[in-house]
Amino acid sequence: MNSSVLVIEDNPELRRLLNQGLEEEGFSVDLARDGREALMLADPARHDLLIVDIGLPDSDGRDVCQALKSNGMEAPVLFLTARDSGPDRVSGFSVGGDDYLTKPFVFAELVARLRVLERRAGHTDRSVSGDLRLDPVRHVLACGGDRAELTPTEFRLVGAMIARSGEVIRRHEMIAAAWPSGAIVHDNTVDVYIRRLRKKLEELGSESRIHTVHGVGYRLE
Ligand code: CA
């Protein structure tokens with residue numbers, strides 16, 4: 001079963017290239033030129049993936065996604081951003097399950113990232129990893145019948161790791177996920193939080209472990 005991609009991009013040349021290239025890769029493709037068309041075309045039952053230009057003529061692509069998500073769209077999003085929009089403005093997108101790519105990009109890289117999003121969308125519940133379950137209402141981490149209370153920062157950190165369990169999450173991605181943008185976060189602050197989370201996993205009797213990948217980041221598995 002081929003994945004169905006909705007491409008929201010105002011540049012006609014890029015839209016044409018994406019359409020042709022993605023069809024050759026076996027995706028089924030729908031095209032929208034702006035936010036208005038995207039809202040008309042988007043179908044949660046049909047679209048598995050979204051490619052969204054942030055700089056649309058009638059709206060910000062992020063707002064379009066917000067609107068689509070509030071209409072029940074659960075498909076992961078690959079955002080396209082202009083080079084000058086700055087990495088910190090969009091870095092948060094790479095943590096919550098969505099991803100972004102800076103223009104100009106190599107088509108093969110776009111496809112590789114879409115494949116990752118596609119795989120990830122296969123396991124739709126991003127609040128479960130192994131024996132761990134994150135409860136966003138009570139802000140607790142549960143393992144079997146045991147629960148550990150989490151501070152808001154711990155919650156966001158472990159949430160980012162659970163959403164991408166088995167993958168290495170870089171330190172800067174963890175910081176983008178857990179702290180307000182622009183916050184100065186020292187490496188040893190991250191270490192302190194990781195130590196606390198490890199202790200909580202241990203107290204819960206979880207089989208899951210936070211592994212250190214030296215010089216890179218962490219992996220929950
Ligand atoms: Ca644009």
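When I say buried, I mean under 20% relative accessible area, exposed is over 50%, and partly exposed sits in between, with a 1.4 Å probe and protein chains only. Hello everyone! What we have here is a predicted model, where local features need pLDDT of at least 70, side-chain atom pairs count only at pLDDT 80 or more, and totals for chains, interfaces and linings use all residues. Residues are numbered from 1 along each chain as its sequence is written, and side-chain values use heavy atoms, with hydrogens and water left out.

Let's start with salt bridges, meaning a side-chain nitrogen of Lys or Arg within 4 Å of a carboxyl oxygen of Asp or Glu. The whole structure has 19 of them. One joins Asp 30 to Arg 46, with 2.7 Å between the closest N and O atoms. That pair links distant parts of the chain: Asp 30 is in strand E2, and Arg 46 is in the loop between helix H2 and strand E3. Helices (H or I, at least four residues) and strands (E, at least two) are DSSP runs, numbered from the N terminus. Asp 30 counts as buried because its relative accessibility is 19%, while Arg 46 is partly exposed at 38%.

Now look at Glu 203 and Lys 199, whose closest N and O atoms are 3.4 Å apart in a salt bridge. Both belong to helix H8, four residues apart, about one turn of the helix, and both are exposed. Elsewhere, shared partners join Glu 9, Asp 53 and Lys 103 into one salt-bridge network.

Asp 53 brings us to the calcium ion. Its protein donors are Asp 10 (OD), Asp 53 (OD) and Gly 55 (O), at 2.2 to 2.3 Å. Donors are N, O and S atoms within 2.8 Å of the metal, or 3.2 Å for Na, K and Ca; water is not among the atoms, so sites may look incomplete. Asp 53 is buried, at 4% relative accessibility.

On to the nonpolar cores: sets of buried Ala, Val, Leu, Ile, Met, Phe, Trp, Tyr and Cys residues joined through side-chain atoms within 4.5 Å. The largest has 26 residues, and Leu 132, Leu 141, Met 161, Trp 179 and Ile 210 have the most contacts inside it. Helix H8 gives the most to this core, six residues. Apart from it lies another core of 17 residues, including Ile 8 and Tyr 100.

Finally, helix H7: six of its eight residues are buried. Among them is Glu 173, which forms a salt bridge with Arg 164 at 3.4 Å, N to O. Arg 164 is buried too, at 7%. Thanks, everyone!
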